[in-house]
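Try each task before reading its solution.

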Amino acid sequence: MAESEVDLESEQYEKHREAGAILAQVREETAERVEVGASHLEVAEYAEDRIRELGAKPAFPVNISIDEEAAHATPSIDDETTFGEEMINLDIGVHVDGWLADTAITVDLSGNPELAEASEQALEAALDIIEPGIDTGEIGAEIEDVIDGYGYNPVVNLTGHGLGHWEQHTSPNIPNRAVSQGTTLEVGDVVAIEPFATDGGGKVTEGASEEIFSLEREGTVRNRQARDALDQITEEFRTLPFATRWLETDRPEMALRRLKRNDIVHGYPVLKEDDGYLVSQKEHTIIITESGCEVTTE
């Protein structure tokens, strides 16, 4: 987008800002509910319901990642899991008419405050240097430098990302380490910066469980439950991720199995630190402005 063409007061940017303001409030309220013995499902549903009460919609299911989990963990339909003395990452998204905001925070109940601080300070340092024309590789170098300074490693195969209309992850990727060939950020770009820090080696791999899905392609199915689920997915969630527990059909797990078998939806396996070490995360959504950046989720 050329600078002269970008109107940062236009309706789409106002909707990004509205989504961000609602999300900032919900993030703080939700983080306060995370304590030993509290229910994962109740915390997730509190956040998702609160987003709707405030006039927006969840952009994806609330991610509640524990200890070595880094992303894509959300409670199942009858989940009875409660919080222990763990490192907990809350990753929450909001959209207003498909215009998104994405944020994350670590609530540390594990007694490792420095690991949580490393990702938080890495994000602050990255935001300080962002301006039009910056290369995303420079942002990654700044994040890596701060996390290294704490004696930890960035998670190198997870990145920040652009936010599109009804698209939660678009280009550009924002690396969490120095890369030689990045992308240039320009006025009007809307991106999520999300450092992950770990006391492990710095890579995540896919686990076995999946509770989050999104639409892969249009299609038809004969099974009634799968058809009902597909109608809800295409009308309500479109291309945004959704949770099994959001589906209103009978036997939603079976409906999803059928849709997945037909390549109509795809799942997001839980991502875990390769060696089973702790992961912390901090994330804000920003709009690139002529003088730097505007944080919509502060």
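**Exercise 1: a positive patch**

Arg251, Arg257, Arg258 and Arg261 form a positive surface patch; keep in mind that the model is predicted.

Task: find the helix that holds Arg258, and decide whether Arg258 is buried, partly exposed or exposed.

Solution. Start with the helix: Arg258 sits in H6, which covers residues 252-261. Next, take the relative accessible area of Arg258, which is 31%. Partly exposed is the range between under 20% (buried) and over 50% (exposed), so Arg258 counts as partly exposed.

**Exercise 2: a negative patch**

Task: which residues make up the negative surface patch, and how accessible is Glu114?

Solution. First, list the members: Glu114, Glu117, Glu120, Glu124, Asp128 and Glu298. Then place Glu114, which belongs to helix H3 (residues 113-129). Finally, check its accessibility: Glu114 comes out at 45%, so it is partly exposed.

**Exercise 3: around Thr136**

Task: is Thr136 buried or exposed, and which residues does it touch beyond its neighbours within four places in sequence?

Solution. Begin with location: Thr136 is part of helix H4, residues 136-149. Now the accessibility: Thr136 has a relative value of 1%, so it is buried. For the contacts, skip the neighbours within four places in sequence, and you're left with Asn173, Ile174, Pro175, Gly182, Thr183 and Leu185.

How values were computed:
Residues numbered from 1 in each chain as written. Predicted model: local features only at pLDDT ≥ 70, side-chain atom pairs only at ≥ 80, totals over all residues. Heavy atoms only, no water. Patch = residues over 30% accessible without salt bridge, like charges linked within 9 Å, V, L, I, M, F, W, Y side chains within 5 Å. Areas by Shrake-Rupley, 256 points an atom, 1.4 Å probe, with all protein chains shown as cover. Salt bridge = Lys/Arg side-chain N within 4 Å of Asp/Glu carboxyl O. Lys, Arg positive; Asp, Glu negative; His and termini not counted. Charge placed at Lys NZ, Arg CZ, Asp CG, Glu CD. Helix = DSSP H or I, 4+ residues; strand = E, 2+ residues; numbered from the N terminus. Buried < 20%, exposed > 50% of the residue type's maximum accessible area, 1.4 Å probe, protein only. Contact = heavy atoms within 4.5 Å.
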